[in-house]
Amino acid sequence: MSRHRMKTVSYDDDDDYDDYEEDDGYASPDPEEQARLEQCIQDVLSQLRGGEPSVSASREEVTEALWHYYNDVTKSVNYIRGKKAKEVQKQPPKKGTVSSYPLPPSWSSACAVPFSAAEFFRDSPWLNVPEHRKADIIVEPLHPRLGLLGGAPEAGGKVSKLAALAAARKKKESEKVAASPSPVPTPKAEEQKPEEVGDNNNPASAPSRSLLERLSSSHNGRQLKPAEGGLGGLRALGKGSRMGGATAPTKKSSLEKEAEIRAQTKPGSVTQPAKGEEKETAVPQQQDEQQAPVVNMMASPSTFATIIVGDATRPVAAAQSSHLKVQSVDVMDIYGQDLTEAFDFAGPSPDDLVLNAQSSAKGFKSKQPASKSKKVDLTGGMNNLSVEEKVSIKSKNLDVLSEYKKVERKKAASFVVIGHVDAGKSTLMGRLLADLQAVDARTLEKYRREAEKIGKGSFALAWVLDQGSEERARGVTIDIATNKFETDKTAFTIVDAPGHRDFVPNMIAGASQADFAVLVIDASTGNFESGLKGQTKEHALLVRSMGVQKIVVAVNKMDTVEWDRERFEEIEQQISSFLTAAGFQPKNISFIPLSGFHGDNVTRRSEAPQAAWYQGRTLIEELDTSEPFSHALEKPLRMTIADVFRGGVQSPLSISGRIDAGSLQVGDQILIMPSGEKASIRSLEVDSAPADWAVAGQNIVLNLANIDPIHLRSGDVVCSPASPIQNLTSFTTKVLAFEHLMPMLVDIHRGRLHVPGRISRVVATLDKGSGAPVKKRPKIVAPGAVARIVVEMDQAVPLEAPARIVLRAGGNTVAAGLLES
Amino acid sequence: MTDRRRINGPPSGTRPPVFAAGADRPAVRPVRQRQPTELRKLFLKTGLIPSASGSAYLEFEPSASLAAARATPTSLIPPSSALKLTCTVHGPKPLPRSAAYSPNLVLTTHVKYAPFAARQRKGHIRDASERDLGVHLETALRGAIIAERWPKSALEITVTILEAEDDRWYGDAPDAHDASWGMMNVLAGCITAASAAIADARIDCLDLVAGGVAAMVYAEEEEEKGGEEPRGRKLMLDTDPAEHRSIGSACVVAYMPARDEITELWLKGDSGGSHEGLIDGAVDAARGAHGVLAEAVREGLSVTN
């Protein structure tokens, strides 16, 4: 039983099927059964032939079918019909030339039989399809519809029995479904017997051939011409082969003649390829005339195309056709008129002419100036709305530089006094001023009395410069003090700088105002050494980096060491080697042994016998030898504000400072940076004397108007509105490192100005001599090295390229240098 | 200060426009001087656009009446136009990450008329007819390209029409409502040029696919000179729509001669049952274009190699 089931489900499996037959030996030799079988075979065959459509089957097939269906005639007939229909379906992919497009291209085997729409659609009317030819087209699904097959995948080749069983059942079901709704046979099966299909609808007289036949014939055609390859074969696709049935076989070589032939064939009438043999003969005949049409179809490029393609690519052989010649078409020639003249757009347009005439007729001026004057009025009105009382100062409009040249004047020089704390800087300067009668004797006497009162008699001279009560009480200079004195040749400005390490910023401010420096050194035992460790070196380095070239070393307190020459030379040797290393030229360094308290070698020669060995210049003589310093008069105005104060009732707001560059005069507008406010100069004082103008290098006091004091701070920069200084938040600078430098927080000092900031990166360390980069992006800069660094600040600060800046951190000067950008 | 409120005139002098009354010389409809089966010549050139992977320029030879009008202009309005178009192929390039997986080459085609291409100015946004042409072109090329050789890739084909074929003679244009026949010629040109550009981009194809047009033209009574078809339709290959008063139906095919296959068939109008002849005519026209196409591709190869 199980075996029978097995057979029935695998009835369509051809391979297995044969095996069963042999192995079983089921075919019995019983004559009675033989006769019955013969009867059934005849029945089946007759039904197959007589049925719709007619199917021819071999005797063996029928026998097999009957055996499987236990001699059931109807089932066997159905089975054979189904099998035949399936065979028809299977055949085309095996034999056909029509390949679906995923197949790889077969260039070599060109299709020898050309396409003809007439042939292709021959048997299929476009409309009015007769009823009997209509059919439901059932597309067999590629995959089984639903359900799992289970077991190994079909692609694997070996299918499990269970899977095979399930597949077979599914197939059977689908077949049943396909068979039941279509009583009319499928078109495929119908084509099996074309003679039965009425050709009443087909206009073509020739007997129609089935798709199968046509496919096989075209396949034959291809097989016959395998050598014909590539483009040759492609071109050999003659039209004549399609038209062959109707056209005369006379072949002409030129395209025109062929075209004539084609014209003769009626487009409406459908021509029929007669027979396969005729096709084969037509193809070789076409080959000799294949070249002509191809060349003929090539057009030469038009003018436009020539421009795109370029002249070089134009086919040489192509004849110049008439449309290639460039014609400059003049419109006027076409219309034959010359009514108009070319309009020149340079002049006013006709509209402008009319409008101008209208406005002039009404007595108005042209519109443009009117609106302009109105605008001016408006802005003027806005300015007049100012709450403050407007002070208008009349400028004398002097040519400051020519005025400056006209005036015969003494040399002017300013120097800063630097040194370690308690080196006697202020006392020395006080002595200088006292001896030169810059301070009157009565004042000096008063200071002496007051100093003695608080038990500091030796500080009396220092009080000439140290005016502040705190300075006097503590006995140290805190802020810079300026004073003036004159010799026969030169007018000097003293800038007394504090020596204490806490007030180095003030010292920097002082140093920035100086042309040269006086370094005061305490010669007394122990103090020189401590000074050397202390601010002596730092100050020297700072003034050097602030651009001071010349330095006078005053070896003070020589009286305490009994004017010991060896001590002086020891100091001279140590200090000069240090200063040379710091960058001062030896010719710009001079040493003077002196005593500030007693006044020896300050303005007069020492009378002490121990000091007789020194025959050099006194301090005042040395100062007098200083050469005049040139200042940038021609450049735009720059002045750093040293102090902001109320000068008095007449001048409620004053600033003091030294002009770094440029010049100014009374009545000038000045710009204060970083606030960006403008002010005008009400009056100015040069060296405490009223003046009309001032130039670079002079210490001046400016009495300002038209500005609020909140916009002014010491450290701000005064500049001319025409060329304002830029406010920077970041700049690159080339510095000499005194300490280790790395990206860190620093204070940036420039004169009075000092702001917090940070070294954002170290660009490179530089060679000291040449300035060429030695190492890019170092992590740290060693002391004494020159480096290019980028400094960023939190607030915008007025800085300009050749500015000397000092970087300090933690109370120490870490670097000093020149701002680059 | 220059005057910026107005559009300033050219720096040199010009002449103002003249609106002349052209009524004294009535416009003459151009007449087809080719044989019914004679095709217009083609100029096709590949590899013009260096930035594209493949490109082609195609133009039709001006018809005899147009060439004559250009040589001796009697009117500023050209009697007909001749197709000029460029085609660029970009790719195959990888699909964007966001795109879904595709085992085949993803083909996109754009057909765009230049604003000045037709007598009626075209907008910058593609209109329905342009999108239609794009779809037809895609169908035509999809059958020729071996798409599964380029999985996960995209191919972009852009056709810019510089000069379009007229849909009909401009004199008839105001009161004509039949189909836009010029589109058919444009599509045929697009197919041929795109095929050349694809070959220039070295993309594997089954064959060079060429486009061809044929039309059933209603004969004009006064000019009918003993044609076989008495007072009726006549098959014309490669019709210039400006040269015919009335076109009954037209057909475009995209045809691969080596395989004898049609990848695209577009039939328009009433052919009165003679579709086959129309299709055959279009195939003949495509065959003619294929010769030029193959020659242009070969020339392009010889230039680059």
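**A walk through the chain A sheet and its surroundings**

Let's start inside chain A, where strand S1 (residues 411–419) runs parallel to S4(A), the two being linked by five bridges. Strands here are DSSP E runs of at least two residues, helices are H or I runs of at least four, and both are numbered from the N terminus; two strands pair if DSSP finds at least two bridges between them. Within this pairing, A:Val416 sits opposite A:Ala517 of S4(A).

A word on ground rules: this is a predicted model, with local features needing pLDDT of at least 70 and side-chain atom pairs counted only at pLDDT 80 or more, while totals for chains, interfaces and linings use all residues. Residues are numbered from 1 along each chain as its sequence is written, chains are lettered from A and ligands numbered from 1 in the order in which they are written, and side-chain values use heavy atoms, leaving out hydrogens and water.

On its other pairing, S4(A) runs parallel to strand S5 (residues 550–556) of chain A, joined by seven bridges. There, A:Asp522 stands opposite A:Asn556. So how covered is S4(A), residues 516–522? Seven of its seven residues are buried, where buried means under 20% relative accessible area, exposed over 50% and partly exposed in between, with a 1.4 Å probe and protein chains only. In a regular strand, side chains alternate between the two faces of the sheet. For S4(A), A:Phe516, A:Val518, A:Val520 and A:Asp522 are buried on one side, and A:Ala517, A:Leu519 and A:Ile521 are buried on the other.

Zooming out, these strands belong to an open, mixed sheet of six, in the order S2-S3-S1-S4-S5-S6 of chain A. S2 and strand S6 (589–593) of chain A are the edges, each pairing on one side only. On average, neighbouring strands are turned by 25° against each other, direction ignored. At the S2 end, six bridges hold S2(A) antiparallel to strand S3 (residues 490–496) of chain A, and A:Glu486 has A:Ala491 in S3(A) as its bridge partner. Helix H26 (residues 565–582) of chain A lies across S4, S5 and S6, at about 155° to S6(A); angles run from 0 to 180 degrees between N-to-C directions, with axes fitted to C-alpha atoms, for helices over the stretch in contact.

Now for a helix pair. The axes of H23 (residues 504–511) and H25 (residues 535–545) of chain A come within 10 Å and cross at roughly 35°. The contact (heavy atoms within 4.5 Å) involves A:Val504, A:Met507, A:Ile508 and A:Ala511 of H23(A), together with A:Glu538, A:His539, A:Leu542 and A:Val543 of H25(A).

Finally, the aromatics. Rings of Phe, Tyr and Trp (its six-membered ring) pair if their centres lie within 6.5 Å, and planes under 30 degrees apart count as stacked, over 60 as edge-to-face and the rest as tilted. That gives eleven pairs over all chains. One of them is tilted: A:Phe304 and B:Tyr57, 6.1 Å centre to centre with 55° between the planes. Because A:Phe304 lies in helix H15 (residues 303–309) of chain A and B:Tyr57 in strand S2 (residues 54–60) of chain B, this pair joins two chains. A:Phe304 is partly exposed at 36% relative accessibility, whereas B:Tyr57 is buried at 0%.

A:Phe415 belongs to S1 and A:Phe485 to S2 (residues 481–486) of chain A, so the pair ties together parts 70 residues apart in sequence. Both A:Phe415, A:Phe485 and A:Phe492 and A:Phe516 form one aromatic cluster.
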